[in-house]
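Below are my notes on the model, as numbered points. They start with the core and then move on to single elements and residues.

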Amino acid sequence: MKDAFGAPQSLLVLGGTSEIGLATARRLIARRTRTVWLAGRPSPALTAAADSLRALGADVRTVPFDALDTEAHEERLGKIFTEGDIDMVLLAFGVLGDQARDESDPVAAVRVAQTNYTGAVSAGLVCAGALQAQGHGSLVVLSSVAGERARRADFIYGSSKAGLDAFAQGLGDALHGTGVHVMVVRPGFVRSKMTAGLAEAPLATTPEAVAGAIELGLRRRSETVWVPGALRVVMAAVRHVPRSLFRRLPV
C-alpha cells in the first residue's frame with residue numbers, strides 16, 4: 001500500500017545495524033510502519049536489531065547485504081520487492097574510516113570510498129528502479145555535512161560523502177514526476193558507536209534527533225534535510241571561506 005503523508009507501512013533499511021536506521025525504524029513503527037526489512041551482513045548484531053524491532057510489534061525480516069558485493073545487489077535487493085511493495089528505503093550504511101591510517105594505506109582508503117559511494121550508487125539504483133516500477137515510495141539517503149567541503153581532518157570520508165550527495169541529488173532529479181521521492185539527509189556530528197572516542201564537533205546531534213528530522217522531512221516531502229537545521233546556515237558560510245583561511249581553521 002502506498003505511503004501516506006510520510007508514514008510508510010513498509011520500510012527497507014540498507015545497513016540493518018545502523019543506529020540512525022534503527023532509531024528511524026522505531027519512530028516509524030510507533031506511527032504506522034508494520035513491515036521492516038533489515039539488510040546487512042549476517043551477525044549477532046543484526047539478529048539483535050531485528051529482535052528489538054519485533055518487540056515493538058513489527059514484522060521484521062533480515063536479508064544478507066554487503067555494500068561491497070555490488071554484483072549481488074540486484075538479485076538480493078530485487079527479491080525483497082517481489083515480496084510486496086516497499087514504501088520507504090533508507091540507505092543508512094557507511095564507514096568513517098581512519099583518516100591518519102588511510103592516507104598511508106590506499107587499499108583502506110579505497111574501501112571507504114567503495115563502501116560509502118560505489119556501494120551506495122549500486123544499491124541506490126537498484127532500489128530506485130524497483131520503487132519506480134511499483135510507482136511510489138521514498139528513497140532516503142544518509143549523506144553528511146562532511147561532504148559539503150573537504151576538510152584536512154577527514155577528506156577521504158568527506159569526499160566519499162560528497163560523491164554520494166551529488167549522486168542522490170541527481171537521482172532525485174531523474175525520478176522527479178515518477179511518484180518516487182528522494183530525500184538527502186545531511187547530519188552533522190552524530191553521537192554514536194561510529195564516532196565514539198572522537199572529539200565532538202559543535203552542533204552535535206543524536207541518532208534519535210536524526211530520526212525525528214527524517215520523519216518530519218518525509219511528511220513535508222523535503223528534498224534536503226539538515227540535522228540540526230542550523231547547519232544549513234553554517235555550511236553556507238563555510239563553503240565561501242577562502243581556501244587559504246579554511247585550511248587553518250580548527251575544523
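1. Which residues have the most contacts inside the largest nonpolar core? In this predicted model, they are L12, L14, L77, F81, V89 and F93, in a core of 32 residues. The elements β1 (10-14), β2 (35-40), α3, β4, α5, β5, α6 and β6 each supply at least two residues of this core. The most comes from α5, which gives eight.

2. L77 deserves a separate look. Leaving aside residues up to four places away in sequence, L77 touches L14, F65, A123, V126 and C127.

3. T24 lies in helix α1 (residues 19-29). Is T24 buried or exposed? Its relative accessibility is 1%, so T24 counts as buried, the cut-off being under 20%. Beyond residues up to four places away in sequence, T24 touches M88, L90, A211 and I214.

4. The structure holds one aromatic pair. F65 and F93 form this pair, which is tilted, with 5.5 Å centre to centre and 50 degrees between the planes. The pair links distant parts of the chain, 28 residues apart: F65 is in the loop between β3 (59-64) and α3 (73-82), and F93 is in the loop between β4 (88-91) and α4. Both partners are buried: F65 has 6% relative accessibility, and F93 has a relative accessible area of 10%.

5. Another ring to check is that of F246. The charged end of R149 sits over this ring, 4.1 Å from the centre of F246.

6. Helix α6 (residues 155-175) has 21 residues. From first C-alpha to last, α6 reaches 30 Å, close to the 30 Å expected at 1.5 Å a residue. Just after α6, G177 takes a positive phi of about 90 degrees.

7. Which residues of α6 are buried? They are I156, Y157, G158, S160, K161, L164, D165, F167, A168, L171, G172 and L175. An α-helix has 3.6 residues a turn, so residues three or four places apart point the same way. The list for α6 includes I156, S160, L164, F167, L171 and L175. K161 and D165 are also on the buried list. What do the buried residues of α6 pack against? Their partners are α4 (99-102), α5 (106-134), β5 (137-142) and β6 (180-187).

Terms used. Residues are numbered from 1 along each chain as its sequence is written. This is a predicted model: local features need pLDDT of at least 70, side-chain atom pairs count only at pLDDT 80 or more; totals for chains, interfaces and linings use all residues. Side-chain values use heavy atoms; hydrogens and water are left out. Helices (H or I, at least four residues) and strands (E, at least two) are DSSP runs, numbered from the N terminus. The expected span of a helix is 1.5 Å times one less than its number of residues. Buried means under 20% relative accessible area, exposed over 50%, partly exposed in between (1.4 Å probe, protein chains only). Contact means heavy atoms within 4.5 Å. Rings of Phe, Tyr and Trp (its six-membered ring) pair if their centres lie within 6.5 Å; planes under 30 degrees apart count as stacked, over 60 as edge-to-face and the rest as tilted. A charge sits over a ring if NZ of Lys or CZ of Arg is within 6 Å of the ring centre and within 35 degrees of the ring normal. A nonpolar core is a set of buried Ala, Val, Leu, Ile, Met, Phe, Trp, Tyr and Cys residues joined through side-chain atoms within 4.5 Å.
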